[in-house]
Amino acid sequence: MTQDLATPPLPQLLTPGEAGLVSVVAPCRNERAHIDAFCDSALAQRLPEGWRMELLVADGASDDGTRARLAERAAADARLRLLDNPRRIVSSGLNACLAQARGQVIVRMDIHTRFAPDYVAECIAALARSGADNVGGPWVARGQGGWGRAIAAAFQSRWVVGGARSRDAAFEGEVDTVYLGCWPRASLARVGGFDETLVRNQDDEHNLRLRLAGGRIWQSRRIHSSYRPRDSLRQLFEQQLQYGYWRPFVLRKHRQAGSVRQLVPMVFVAAGAFCALLAPVFGLGLKAWAAAYAAYLLAASAQAAHQAGEARLAWRLPWVIAAYHLGYGLGSWRGVWGLWRRRAAPQAATRLTR
């Protein structure tokens, strides 16, 4: 159900007479080109009256100057604390922050995302309005360059992402997962931190675990941010291979997917492989599969380009959409194979892709 809720007083998140402290947490590694803009955005947040903020950044052994710059900024601003993340992955970085966070409310941020000045304030307000265990805003992509804008256009298209509510900037209501996240400390204490066996999909797994424990997740259209996606087909394909690879590990852990749409790329790739295997006997089946997918790519590309208001992206979009689907689907089957053979994750599934 989509609705706006009346906003009760924010102090309901606190005990009587208690001052509010919000902990903003972010993992990073080798982000020298982006770290100053991120810190500027995070530290400039306008908080509700009576609230203070601490910013915790867990550095994954950066070797490009990121760590030195963070140390400089932490020395100049007591609100910023630099933490170590020796495992270098997102889930361990988030847990390092959670272990040191002192706030009644925890807000996750991302180095490659730009945040509205009232982002944290709106997160706190959404917690108070909804009474949910996790809140966040819509996942809005803003690409740079021709390929980056095409990747963002496909990212926002319901024809490509299966109608995920997280991409709908107008939606307000309960969802199965949300971008980044903001939690009352009590909710995290109940379900625990992030699964460090997962290099990717740790946020989806955490939201699924929260829902299975009876928690509620809320998306608010008042919480504004914009995410910068990958800038090339190669980067996009590598990213989707990783996301797909770790999906079966979440399925094995909980015996269910976060949502049915997450399984569609696996089915798509399996159907293509099945048709290819039978091609010597039933060649028409492979041709029909290829023709149907080509028609879909053209229609979805036209819709995404129209929605983005950039017709000139149309020629790039079929390649982008195929990279989304093939990368995720092939990565998922690679993860299934790795689980079945009980093999360690390959380097391509664990290394950073930016």
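**A first walk through the chain**

Analyst: Let's start with A61. Its relative accessibility is 33%, so A61 counts as partly exposed. Keep in mind that this is a predicted model.

User: Where is A61?

Analyst: A61 sits in the loop between β2 (51-59) and α2.

User: What is its phi like?

Analyst: A61 has a positive phi of about 55°, although it is not a glycine. For background, most residues other than glycine have a negative phi.

User: And what about the phi of N30?

Analyst: N30 has a positive phi of about 50°, and it is not a glycine either. N30 lies in the loop between β1 (20-28) and α1.

User: How exposed is N30?

Analyst: N30 has a relative accessible area of 27%.

User: H34 now. Where is it, and is it buried or exposed?

Analyst: H34 is in the loop between β1 and α1. H34 is at 18% relative accessibility, so it counts as buried.

User: What does H34 touch?

Analyst: Leaving out residues up to four places away in sequence, H34 touches I111, H112, R114 and R228.

User: Let's zoom out. How many helices and strands are there?

Analyst: The chain has twelve helices and ten strands.

User: How much of the chain is buried?

Analyst: Of its 354 residues, 54% count as buried. The chain exposes about 16000 Å². Carbon and sulfur atoms supply 58% of that area.

User: What share of the contacts is between residues 24 or more positions apart?

Analyst: Take the contacts with a separation of 6 or more. Residues 24 or more positions apart account for 81% of them.

User: Which residues make the contact?

Analyst: From α1 they are I35, D36, C39, D40 and L43. From α2 they are T66, R69, L70 and R73. By class, the contact of α1 with α2 has four nonpolar, one polar and four charged residues.

User: Now α10 and α12. What are the angle and the distance there?

Analyst: Helix α10 (residues 264-277) packs with α12 at an angle of about 90°, and the axes are 8 Å apart. The two helices are therefore roughly perpendicular to each other.

User: Which residues are in that contact?

Analyst: On the α10 side they are P265, M266, F268, V269 and A270. On the α12 side they are H325, L326, Y328, G329, L330, S332, W333 and V336. The residues of this contact divide into ten nonpolar, three polar and no charged.

User: I also clicked on A322. Where is it?

Analyst: A322 is in helix α12, which covers residues 317-341. A322 has a relative accessible area of 13% and is buried.

User: What is it in contact with?

Analyst: Setting aside neighbours within four places in sequence, A322 is in contact with Y293, L297 and G327. The C-alpha atoms of A322 and A294 are separated by 9.7 Å. Along the chain, A322 and A294 are 28 residues apart.

User: Which residues does N201 touch?

Analyst: Not counting residues up to four places away in sequence, N201 touches Y243, W246, R247 and V250.

User: How far apart are N201 and S91?

Analyst: In sequence, N201 and S91 are 110 residues apart. In space they are 9.2 Å apart, C-alpha to C-alpha.

How values were computed: Residues numbered from 1 in each chain as written. Predicted model: local features only at pLDDT ≥ 70, side-chain atom pairs only at ≥ 80, totals over all residues. Heavy atoms only, no water. Contact = heavy atoms within 4.5 Å. Helix = DSSP H or I, 4+ residues; strand = E, 2+ residues; numbered from the N terminus. Nonpolar A, V, L, I, M, F, W, Y, C, P; charged D, E, K, R; others polar. Buried < 20%, exposed > 50% of the residue type's maximum accessible area, 1.4 Å probe, protein only. Areas by Shrake-Rupley, 256 points an atom, 1.4 Å probe, with all protein chains shown as cover. Axes fitted to C-alpha atoms, helices over the stretch in contact; angles between N-to-C directions. Parallel < 35°, antiparallel > 145°, perpendicular 65-115°, else oblique.
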